There are 2 protein chains.
Amino acid sequence: MVKALVHVTLKPDVLDPQGKAIQRAATSLGYDAVRGVRQGKLFEIELDVRDEEQARKLVTELSSKLLANPVIESFDIVRIATSPSP
Amino acid sequence: MVKALVHVTLKPDVLDPQGKAIQRAATSLGYDAVRGVRQGKLFEIELDVRDEEQARKLVTELSSKLLANPVIESFDIVRIATSPSP
């Protein structure tokens with residue numbers, strides 16, 4: 001089994017109202033040092049593939065077709081690692 | 001300016017219907033190798049603090065009070081790094 005970790009984040013020029021709301025909440029709790037918050041998504045994916053190269057190819061396809069909206073989001077495959085079967 | 005990256009994920013025994021939906025969508029697109037998907041959140045936080053130690057303390061507080069619901073989620077401070085001022 002191969003495990004992959006993918007980050008999906010809004011492109012820099014896309015507004016992030018959730019992040020803004022969290023920043024405001026932090027300020028109202030007294031955390032004035034918080035200057036910016038951007039929220040994104042992460043996906044932990046388990047794959048039954050023969051090797052990490054095949055996993056990377058599959059995860060790249062999945063990310064661009066299913067996990068990220070390419071108009072407003074970018075994805076980053078942060079980690080691909082073979083894990084011992086449970 | 002210090003930048004922090006925080007992962008917030010559902011605890012292992014908490015059901016993840018979003019992840020399940022993505023897994024089903026992947027299967028229906030022909031990606032049968034996808035055996036499991038768990039979705040989480042990530043937060044990129046910019047902090048105006050004097051050093052990374054202070055940043056870590058602040059981000060730990062923020063994560064447990066504001067970013068994660070400790071009943072069903074865990075958080076992980078993945079990275080704390082000083083970034084050059086823009």
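**Charged pairs and the chain interface**

Over all chains, a search of the whole structure finds twelve salt bridges, a salt bridge being a side-chain nitrogen of Lys or Arg within 4 Å of a carboxyl oxygen of Asp or Glu. Side chains of opposite charge can pair when their charged atoms come close.

This is a predicted model, in which local features need pLDDT of at least 70 and side-chain atom pairs count only at pLDDT 80 or more, while totals for chains, interfaces and linings use all residues. Residues are numbered from 1 along each chain as its sequence is written, chains are lettered from A and ligands numbered from 1 in the order in which they are written, and side-chain values use heavy atoms, with hydrogens and water left out.

**Stop 1: between two strands of chain A**

Select K3(A) and E46(A). These residues form a salt bridge, and their closest N and O atoms are 3.7 Å apart. Because K3(A) belongs to strand β1 of chain A and E46(A) to strand β2 of chain A, the pair ties together parts that are 43 residues apart in sequence. Helices (H or I, at least four residues) and strands (E, at least two) are DSSP runs, numbered from the N terminus.

K3(A) is partly exposed, at a relative accessible area of 42%, and E46(A) is also partly exposed, at 30%. On this scale buried means under 20% relative accessible area, exposed over 50%, and partly exposed in between (1.4 Å probe, protein chains only).

Is S83(A) buried or exposed? With 15% relative accessibility, S83(A) counts as buried. Apart from neighbours within four places in sequence, S83(A) is in contact with M1(A) and K3(A), where contact means heavy atoms within 4.5 Å.

**Stop 2: along helix α2 of chain A**

Select K65(A) and E61(A), which form a salt bridge with the closest N and O atoms 3.9 Å apart. The two residues are four apart in helix α2 of chain A, so about one helical turn separates them. K65(A) is exposed, with a relative accessible area of 55%, whereas E61(A) is partly exposed at 28%.

**Stop 3: a pair in chain B**

Move to D51(B) and R50(B), whose side chains meet in a salt bridge (3.9 Å, N to O). D51(B) counts as partly exposed at 30% relative accessibility, and R50(B) is exposed at 69%.

**Stop 4: where the chains meet**

Display both chains. In contact here are 33 residues of chain A and 33 residues of chain B. The area buried between the chains is about 2,800 Å², with 67% given by carbon and sulfur atoms; buried area is the accessible area (1.4 Å probe) that two parts lose on being put together, summed over both.

How many salt bridges does the rule find across the interface of chain A and chain B? The rule finds two. Select D48(A) and R35(B) to see a salt bridge with its closest N and O atoms 3.0 Å apart. On the chain A side, β1 (2-10), α1 (17-28), β2 (34-47) and α2 (52-67) each supply at least two residues that touch chain B. β2(A) gives the most, with 14 residues.

Finally, select β2(A) together with strand β2 (residues 34-47) of chain B: 13 bridges join these strands, which run antiparallel. Two strands pair if DSSP finds at least two bridges between them. Within this pairing, G40(A) stands opposite L42(B) in β2(B).
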